[in-house]
Amino acid sequence: MAKFCIKCFNELNGANYRANEVWLEEDFCEGCADWRPCVVDLRPKPPFWRLVDGIRNIIGKR
């Protein structure tokens, strides 16, 4: 399945989704050829997984 960042996804689909309205995960965007958070699903990411991502970001910045 093709992965697109929120900007490219919105341009391709004529939509206006915001980051908090879709499930995003870091991946290679096939639209702009950059490593960015890409749309995985058209529903918000559950709070538990947002917490896990936040902890990963904190640990990764050390």
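1. Basis of the model. The structure is a predicted model, in which local features need pLDDT of at least 70 and side-chain atom pairs count only at pLDDT 80 or more, while totals for chains, interfaces and linings use all residues. Residues are numbered from 1 along each chain as its sequence is written, and side-chain values use heavy atoms, with hydrogens and water left out.

2. Overall layout. The chain holds 2 helices and 2 strands, where helices (H or I, at least four residues) and strands (E, at least two) are DSSP runs numbered from the N terminus. Read from the N terminus, the order of these elements is α-β-β-α. Taken along the principal axes, the C-alpha atoms fill a box of roughly 35 × 25 × 20 Å. Of the 62 residues, 21% count as buried; here buried means under 20% relative accessible area, exposed means over 50%, and partly exposed lies in between, with a 1.4 Å probe and protein chains only.

3. Helix 2. This helix covers residues 47–60, and its 14 residues reach 20 Å from the first C-alpha to the last, close to the 20 Å expected at 1.5 Å a residue; the expected span is 1.5 Å times one less than the number of residues. Since the number of buried residues among the 14 of helix 2 is 1, the helix lies largely in the open.

4. A nonpolar surface patch. Leu51, Ile55 and Ile59 together form a nonpolar patch on the surface with about 300 Å² of accessible area. Patches are made of residues with over 30% relative accessible area and no salt bridge, with like charges joined within 9 Å and nonpolar side chains (Val, Leu, Ile, Met, Phe, Trp, Tyr) within 5 Å. The areas come from the Shrake-Rupley method with a 1.4 Å probe, and for residues only the protein chains shown count as cover. Ile59, which belongs to helix 2, counts as exposed because its relative accessibility is 53%.

5. Salt bridges. A salt bridge is taken as a side-chain nitrogen of Lys or Arg within 4 Å of a carboxyl oxygen of Asp or Glu, and by this rule the count comes to 7. One of them joins the side chains of Glu11 and Lys7 at 3.6 Å, N to O; both residues lie in helix 1 (residues 6–13), 4 residues apart, about one turn of the helix, and both are exposed. Another joins Asp41 and Arg43 at 2.7 Å, N to O, where Asp41 is partly exposed at 30% relative accessibility and Arg43 is also partly exposed, at 41%.

6. Asp53 and Arg56 meet in a salt bridge at 3.8 Å, N to O, and the two residues lie in helix 2, 3 residues apart, about one turn of the helix. Asp53 counts as partly exposed because its relative accessibility is 23%, whereas Arg56 is exposed at 54%. Lys45 is linked with Asp53 and Arg56 in a network of salt bridges.

7. The largest pocket. About 300 Å³ of space lies in the largest pocket. Of its 13 lining residues, the closest to the centre are Leu24, Glu25, Glu26, Lys45 and Asp53, and the elements that give two or more residues to the lining are strand 1 (23–29) and helix 2. On a 1 Å grid over the protein atoms alone, a pocket is an open set of points with protein on both sides within 12 Å along at least five of seven lines, and lining residues have an atom within 4 Å of a point. Grid points are joined across faces, edges and corners, and the volume is the space filled by probe spheres set on the points.

8. A positive phi. Ala33 has a phi near 55°, a positive value in a residue other than glycine. Most residues other than glycine have a negative phi. Ala33 is placed in the loop between strand 1 and strand 2 (34–41) and is exposed, with a relative accessible area of 54%.

9. Two pairs compared in sequence and space. Cys5 lies in the segment before helix 1 and is buried, with a relative accessible area of 3%; Cys5 and Phe28 are 23 residues apart in sequence and 8.3 Å apart in space, C-alpha to C-alpha. Ala19, in the loop between helix 1 and strand 1, is partly exposed at 46%, and Ala19 and Cys29 are 10 residues apart in sequence and 15 Å apart in space, C-alpha to C-alpha.

Conventions
1 Å grid on protein atoms, 1.4 Å probe; cavity = no way out; pocket = protein on both sides within 12 Å on 5 of 7 lines; lining within 4 Å.
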